[in-house]
Amino acid sequence: MSDLALLCTLVFVAVTMLISVRSRLGLEKDIAIGTIRSAVQLLAIGYVLHYIFGAGQLWLMVVLIGVMIAVASWNAGARAGRLVGIRWRIAAAIGCTEAIAMTLLLVLGVIEPRAQYIIPISGIIIGSSMIVAGLLLNQLGRELETSRGEIEALLALGADARQSLQLPLKRAVRASMIPTVDSMKTVGLVQLPGMMTGMIVAGADPMEAVRYQVLIMFVLAASAAMTAMLLGAWSYRLLLTPDLRLLEPDALKRSK
């Protein structure tokens with residue numbers, strides 16, 4: 001793609017902003033900021049990846065993946081309101097998911113132990129885990145409001161933290177995985193995912209692109225399940241005070 005063709009893609013941004021203005025949605029500023037940030041961030045990571053691929057240093061790859069996990073944890077943690085310690089729990093869940101998934105991929109010989117494979121797939125795993133973590137925390141916030149009576153009744157009857165929150169937590173985990181499951185059901189019928197589309201546009205054989213996309217879909221499904229279950233298991237206790245009283249309804253509202 002030429003620089004001129006890339007510049008022409010700003011037409012889509014202009015159309016979006018025009019629709020926002022005409023509909024009085026008030027999204028023009030956010031769209032403009034998002035456009036600038038995405039362009040700058042993608043250009044920056046492009047230069048970083050070019051350097052890392054050329055350097056061939058393991059520690060640079062580890063540092064980059066660590067930064068990705070930290071940023072993802074911070075972003076997902078913004079949905080956790082005033083829950084103390086939630087961000088490091090998110091980081092631990094995403095980090096464990098990334099370590100398990102990547103270890104299996106390398107040990108089974110599914111991908112080669114090269115930065116060109118490890119970093120992009122790690123980015124997909126970490127990004128998907130971040131979304132699942134955010135959805136889980138959002139749903140926990142709703143459960144805190146809608147199931148308050150149920151939870152407090154169980155606590156009054158002598159239930160411990162796990163027993164009182166077991167059903168709300170299970171519903172939150174299920175809700176956080178719905179987008180991933182729905183995507184698996186419709187992939188290839190409703191949409192052609194990003195990796196597959198990119199490879200085909202770049203000239204790869206469609207069947208080779210399909211193989212890589214199947215790999216990604218299966219990894220995403222496992223990663224979503226691991227992240228949701230680990231984060232749920234490590235964070236549900238934060239919804240209760242030390243003397244087993246349920247937090248206030250706004251405890252999980254998105255922080256400013």
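Trp-59, Val-63, Val-67 and Val-71 make up a nonpolar surface patch, and together they expose about 400 Å² of accessible area. The model is a predicted one. Elsewhere, a search of the whole structure turns up one cavity of 30 Å³ or more. The structure also holds five salt bridges. Glu-143, Glu-150 and Arg-171 are joined in a salt-bridge network.

**Surface patch**

- The patch is nonpolar and has four members: Trp-59, Val-63, Val-67 and Val-71.
- Val-71 sits in helix H4, which covers residues 58-77.
- Val-71 counts as exposed because its relative accessible area is 52%, and the cut-off for exposed is over 50%.

**A backbone point at Arg-24**

- Arg-24 has a phi near 55°, which is a positive value in a residue other than glycine.
- The residue's place is the loop between helix H2 (10-23) and helix H3 (28-55).
- Arg-24 is exposed, at 78% relative accessibility.

**Cavity**

- How many cavities of 30 Å³ or more does a search of the whole structure find? The search finds one.
- The largest cavity has a volume of about 40 Å³.
- Its lining consists of Leu-140, Glu-143, Leu-144, Ile-151, Leu-165, Pro-168, Leu-169, Tyr-236 and Leu-239.
- Helix H6 (115-146) and helix H8 (161-186) each contribute at least two of the lining residues.
- By class, the lining has eight nonpolar residues, one charged residue and no polar residues.
- Glu-143 is among the lining residues, and Glu is classed as charged.
- Glu-143 is buried, with 6% relative accessible area.

**Salt bridges around Arg-171**

- Which residues are linked in a network of salt bridges? They are Glu-143, Glu-150 and Arg-171.
- Arg-171 and Glu-143 meet through their side chains in a salt bridge, at 3.1 Å from N to O.
- Arg-171 lies in helix H8 and Glu-143 in helix H6, so this pair ties together parts that are 28 residues apart in sequence.
- Arg-171 is partly exposed, at 34% relative accessibility, whereas Glu-143 is buried at 6%.
- Glu-150 and Arg-171 also meet in a salt bridge, with an N to O distance of 3.6 Å.
- Glu-150 is partly exposed, with a relative accessible area of 32%.

- Arg-148 forms a salt bridge with Glu-152, and the closest N and O atoms are 3.2 Å apart.
- Both residues belong to helix H7 (residues 148-156), and because they are four residues apart, about one helical turn separates them.
- Is Arg-148 buried or exposed? Arg-148 is buried, because its relative accessible area is 17% and the limit for buried is under 20%.
- Glu-152 is partly exposed, at 37% relative accessible area.

**Where the topics meet**

- Glu-143 lines the largest cavity and also pairs with Arg-171 in a salt bridge.

Methods. Residues numbered from 1 in each chain as written. Predicted model: local features only at pLDDT ≥ 70, side-chain atom pairs only at ≥ 80, totals over all residues. Heavy atoms only, no water. Patch = residues over 30% accessible without salt bridge, like charges linked within 9 Å, V, L, I, M, F, W, Y side chains within 5 Å. Areas by Shrake-Rupley, 256 points an atom, 1.4 Å probe, with all protein chains shown as cover. Buried < 20%, exposed > 50% of the residue type's maximum accessible area, 1.4 Å probe, protein only. 1 Å grid on protein atoms, 1.4 Å probe; cavity = no way out; pocket = protein on both sides within 12 Å on 5 of 7 lines; lining within 4 Å. Points joined across faces, edges and corners; volume = space filled by probe spheres on them.
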